[in-house]
Amino acid sequence: MSDRRVSWIDRINGLIELFENTMTGFVSEVGSMVVFATDALRLSFKPPLRYLEVIKHFEFVGNGSVMIICLTGAFTGLAVSYQIYLGFKMVNAVNLVGPTVALGITRELGPVLTGLIVAARAGGAMAARLGTMRVNEQIDALDVMGVNTKQYLIAPRIYAAVAAMPLLTAIFDAMAMLGAWFLCVKLVELDPAVFWDKVQNTLKVRHLFEGFFKSTVFGAFFAAICTYRGFHTSGGAKGVGEATNRGVVQSMVMIIVLDYFLTNMIRIFYLAIGATP
Amino acid sequence: MSEIAIHLEDVRKTFDEKEYVVNGLNLDIPKGSLTAIIGFSGTGKSVILKHILGLYRPTSGRIEVLGEDLNKMDNDQLTDFRKNFGVLFQGSALFDDMTVLENVCFPLSEHRRELSEGQMVEIASRKLQQVGLDSKHFDKLPSQISGGMQKRTGLARALALDPEILFYDEPTTGLDPILTEMVDNLIVETHHHRTGITSVMVSHDLEAAFRIADFVAMLNAGQVLLFGKPEVFFETDNELVRRFVAKGMKKT
Ligand SMILES: Nc1ncnc2c1ncn2[C@@H]1O[C@H](COP(=O)(O)OP(=O)(O)O)[C@@H](O)[C@H]1O
Ligand SMILES: [Mg+2]
């Protein structure tokens, strides 16, 4: 009897210990990522300024993602608007399809999906590239050449992601609205006036900027996570694969979790300044 | 005794607070010499190299390079100090998105900003010719040239800033015998090309080390087992060294 009780206590203690270790591991890892990214950004203000690098990476993250963002944006608009149309038709509120889609896209789906897609494409590439440079000793070579590797390799990538994300989100938003318009007006033959009705007076500029703000934060996070993973790669080609995988997965989870908190933050901000969220 | 380029005094290093990878190491590398650091795999050769380069900080002990105490420098000062070094890595470590010429120009564009682009290209071309690379390869990417040419390019890049000390980490590991001989000769030629340059070669190729080096340091268990001119290693009574030499010479 007492034996069994002891073993239960042991098990619970074991669980607590496991939980503790996981949490300390998680916290210390997040801590070193934050130090890593802020270090890189701090160094970016020291000469030499690496603006050519920023432009190079911006081209890759931004220009390189336009096509895929257009495609996914348009199809997201098509799919989402159809479901909303079906639902609202049941309650005879099809004139609200337009504004509902517009708000959902600009505030939530636009930044989140853009974040996920760009994190997978550009973030994955960042982790893989830096990982390869690490295992081929190219980063060591930079170090011994007296080049500050965080300033040269990390900061420009973070800036590029931060700058590209809101622009890509704007493109996603526009394409998604185009998709929604096409479905509602051309396919299910809603009156264009009905579709656009209230979009103009419901959707405010600030809603667009909520989305852009979120996407900027997402850009900073996925770039920080993926560059951290790539920069700290070890163990050859296999290590590069692992670093890329972890970077992308952690970025995606982070974007979805962060989105919820950012939505709440924005809500509290509106309440504080006395506006309706 | 001649001037000392690198002075290591009772250097210890542990990564896990338990096991000492470097355990009370003392070593003086004379200025202008070609010195080989030898020892079997995992004896801490690369770790010591990284200490001298200031990439690792010792747990305890003193490291002086060109008369400067590395412990007294902060990271930014160390970064700056490394302009005095040139390093040829085992895998050449060329930047794979830059051409051969751009690779050699890179250290110049980082540290010699006063130079015009034309001057940088001129210096880089000269270094590439010095290591025997034909100009028809200058605009190729590292992936488009052979391993031997990659080594040459890596060496030219290491020479770009006219370093005081040249380091080679396992320059011939994994190369075929012909390429090994070529790289060994290249090291000797480069060493004699400019008087006063100090060359430090980390290797587990004992035969080559004894053949080309002025001084040899043999490492074991994080310490220097024996340091001296190559002859010393064949005359010593130290049983461990004799076994090392016999084994190492047989292997290669
Ligand atoms: N960054 C590090 N962290 C922990 N252990 C390390 C690190 N670098 C090297 N070691 C350990 O130090 C020992 C010596 O490694 P190294 O200097 O690479 O040997 P070698 O003489 O073959 O160059 C090895 O046991 C290695 O595992
Ligand atoms: Mg080694």
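Me: Helices are DSSP runs of H or I with at least four residues, strands are runs of E with at least two, and both are numbered from the N terminus. What pattern does chain A follow along the sequence?

Reply: Read along its sequence, chain A goes α-α-α-α-α-α-α-α-α-α. It has 10 helices and zero strands. This is a predicted model, in which local features need pLDDT of at least 70 and side-chain atom pairs pLDDT 80 or more, while totals for chains, interfaces and linings use all residues. Residues are numbered from 1 along each chain as written, chains are lettered from A and ligands numbered from 1 in written order, and side-chain values use heavy atoms, without hydrogens and water.

Me: What does the C-alpha trace of chain A span?

Reply: Along its principal axes, the trace spans about 70 × 65 × 40 Å.

Me: And what share of chain A is buried?

Reply: Of the 277 residues in chain A, 43% are buried. Buried means under 20% relative accessible area, exposed over 50%, and partly exposed in between, using a 1.4 Å probe and protein chains only.

Me: What about contacts in chain A between residues at least 6 apart in sequence?

Reply: A contact means heavy atoms within 4.5 Å. Among those contacts, 85% join residues at least 24 apart.

Me: Let us turn to chain B. Why is helix α1 of chain B described as largely enclosed?

Reply: Helix α1 of chain B covers residues 45–52, and six of its eight residues are buried, so the rest of the structure largely encloses it.

Me: Which residues of α1(B) are buried?

Reply: They are B:Lys45, B:Val47, B:Ile48, B:Leu49, B:His51 and B:Ile52. Just after α1(B), B:Gly54 adopts a positive phi of about 75°.

Me: Which residues other than glycine have a positive phi?

Reply: A:Asn92 is one, with phi near 50°. B:Glu17 is another, with phi near 65°. Most residues other than glycine have a negative phi, and most peptide bonds are trans.

Me: Where is A:Asn92 found?

Reply: A:Asn92 sits in the loop between α3 (66–90) and α4 of chain A. Its relative accessible area is 72%, so A:Asn92 is exposed.

Me: And where is the place of B:Glu17?

Reply: B:Glu17 belongs to the loop between β1 (4–14) and β2 (20–30) of chain B. At 71% relative accessibility, B:Glu17 is exposed.

Me: Which residues does a cis peptide bond join?

Reply: That bond joins A:Pro47 and A:Pro48, with omega about -5°. A:Pro48 lies in the loop between α1 (2–43) and α2 of chain A.

Me: How many residues line the largest pocket?

Reply: The lining has 34 residues, and those nearest the centre are A:Glu53, A:Lys56, A:Tyr152, B:Met98 and B:Phe106. A pocket is an open set of points on a 1 Å grid over the protein atoms alone, where a 1.4 Å probe fits, with protein on both sides within 12 Å along at least five of seven lines; lining residues have an atom within 4 Å of a point.

Me: Which helix gives the largest share of that lining?

Reply: Helix α2(A) does, with seven residues. The elements supplying at least two residues each are α2 (51–61), α4 (97–135), α5 (138–144) and α6 (149–187) of chain A, with α3 (100–111) and α4 (117–130) of chain B.
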